[in-house]
Amino acid sequence: MTANPTTPPGNTDSVGTATGPAGDGATATVSPALALTWRPTLSVPPPRAPEADPVRWWPLGVALAGALALAAFVWNAHGALPAVLLVLGTGLGFTLFHSRFGFTSAWRQFLAVGNGTGLRAHAVLLGTTATLFALVIGTGTGLFGSTPAPSAGPIGIALFLGAFLFGIGMQLGGACASGTLFAVGSGQSAIVITLVGFIAGSVIYSAAWPLVADLPALPPFLLSDHVGWGGSWAITIALLVALVVGTRAVQNRRVPPPVSAPPSARGALRVVRGSWPLIAGALVLAALGTAVLVVSGGPWGITSAFNLWGAKALQLVGLHPETWAFWSQPDQAAQLAGPVLQDKNSLTNIGIILGAAVAAGAAGTWKLHTGLSWNLVAAGLVGGVLMGIGARLAGGCNIGAYLAGIGSGSLHGWLWAAFALAGTWAGLRARTLFGLGVPKPGDSVC
């Protein structure tokens, strides 16, 4: 966020007319809150993206060679399916970085200043995913012998509390689950702290699992079980249209600052050197996420892998998480006993890190950041722990619960979003305890 002392006192309404003291008595003729057919307003025009830095050849070469070598190794050692998941994850990381597709920032900008640009991009991602999921799951289309299944979670205290904690953790840690991975891949060392906290929080959950395993909950509720996949799709799209209209109304009323523009190449080079429009990122992410469903039978997920990584790390230092009640369950025991490079979510997670590293090298932005301040370290660690615990309580994160849940027509996805949004509101206030900034209406960009 940067303040702009030269910003004029007036704002720009939905038809581009200056309002406020203009010296000539000009006034707006359209109420911004009602002008939903026009482009949502911003206090100043969006900044032009600066020119991308030169390609960072060493990071690009190392990341690209590493991604290709690991894919070849996985194919040779474990077969085609794990290798395909790794490649899809690489594509997800490449897309996340170049589109800067954020969940944490989108919710922060909307609640803090009323900028709904990110949430409208979410609506495109969710709507496209819902469309593709309805086609794939409704027709039973799968590869490698898989049968695609929707994501549906129980509705109860664990979901509500977990999503709320996750929302707080996002704002303290500076990233969501997918954002943590692609930020680590792009060399942002501050987010490594968040990832460490994320893994630690997942381990804390699995150790304390007997205390929360039987919290009151209702069974999952899938729209397709009651109105079919066509009806589920129609209801989901209607709700997302309402979300778009609502965010435009809020933005036109509050007239927020625009979002800063990341560096970008021009012309055709923009595809590999960034930055992509958010809508392009949403469409590609929806396609790649659906591809994960088609080849594996389950939607794209992230955070269960962090739990596995933490347990494997404990085993490496001589501890025995396999004796815990959580890891003694049949499915979890099989996951822990197997290699990481056969675990679906671990493969896509590793791919996201590598894909983001490739994208950051091509964009010229990859570099390790040093000299971290205490407040960033503390906030990142606390935020990561809260997200780790929250994601496991809720049965998913912004990808496994929010994206996959709403895309599947599951009520738990919408409820996750509502409680995570409430957690975001609390997290914005908690940021000030760590000396972290929050966008303000008077900023020139946020």
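## A helix wrapped up by its neighbours

A residue counts as buried when its relative accessible area is under 20%. Keep that cut-off in mind as we explore this structure, which is a predicted model.

Let's start with helix α17, which covers residues 398-407. Of its 10 residues, 10 are buried, so α17 is largely enclosed by the rest of the structure. Just after α17 comes Gly409, whose phi is positive, at about 75 degrees.

Two packed helices are described by the angle between their axes and the distance between the axes.

Helix α4 spans residues 117-139, and its axis comes within 7 Å of the axis of α17, with a crossing angle of roughly 50 degrees. The two helices are therefore oblique to each other. On the α4 side, the contact is made by His122, Leu125, Leu126, Thr129, Ala130 and Phe133, while α17 brings Tyr402, Leu403, Ala404, Ile406 and Gly407. Sorted by class, this contact has 8 nonpolar residues, 3 polar ones and no charged ones.

## A second pair: α5 and α16

Now look at helix α5 (residues 157-173) and helix α16 (residues 374-394), whose axes come within 7 Å and cross at roughly 155 degrees. That angle makes α5 roughly antiparallel to α16, because angles over 145 degrees count that way. The crossing of this pair is left-handed.

Which residues of α5 make the contact? They are Ala158, Leu159, Leu161, Gly162, Ala163, Leu165, Phe166, Ile168, Gly169, Met170, Leu172 and Gly173. Facing them, α16 supplies Ala379, Gly380, Val382, Gly383, Leu386, Met387, Ile389, Gly390, Ala391, Leu393 and Ala394. The contact of α5 with α16 contains 17 nonpolar and 6 polar residues, with no charged residues.

## Looking for disulfides

How many disulfides does a search of the whole structure find? It finds 0. Take Cys397: its nearest cysteine sulfur belongs to Cys176 and is 7.5 Å away, and Cys397 is in no disulfide because the two sulfurs would have to be within 2.5 Å. Cys446 is in no disulfide either, and its nearest cysteine sulfur, again that of Cys176, is 17 Å away.

Are these two cysteines buried or exposed? Cys397 has a relative accessible area of 1%, so it is buried. Cys446, at 11% relative accessibility, also counts as buried.

Thr290 is part of helix α11, which runs over residues 278-296. Its relative accessibility is 6%, so Thr290 counts as buried. Apart from neighbours within four places in sequence, Thr290 is in contact with Leu132, Phe133 and Val136.

At 54% relative accessibility, Arg253 itself counts as exposed. How far apart are Arg253 and Ala282 in sequence and in space? They are 29 residues apart in sequence, and their C-alpha atoms are 26 Å apart in space.

Note on methods: Residues numbered from 1 in each chain as written. Predicted model: local features only at pLDDT ≥ 70, side-chain atom pairs only at ≥ 80, totals over all residues. Heavy atoms only, no water. Buried < 20%, exposed > 50% of the residue type's maximum accessible area, 1.4 Å probe, protein only. Helix = DSSP H or I, 4+ residues; strand = E, 2+ residues; numbered from the N terminus. Contact = heavy atoms within 4.5 Å. Axes fitted to C-alpha atoms, helices over the stretch in contact; angles between N-to-C directions. Parallel < 35°, antiparallel > 145°, perpendicular 65-115°, else oblique. Left-handed = near helix turned anticlockwise from the far one by under 90°. Nonpolar A, V, L, I, M, F, W, Y, C, P; charged D, E, K, R; others polar.
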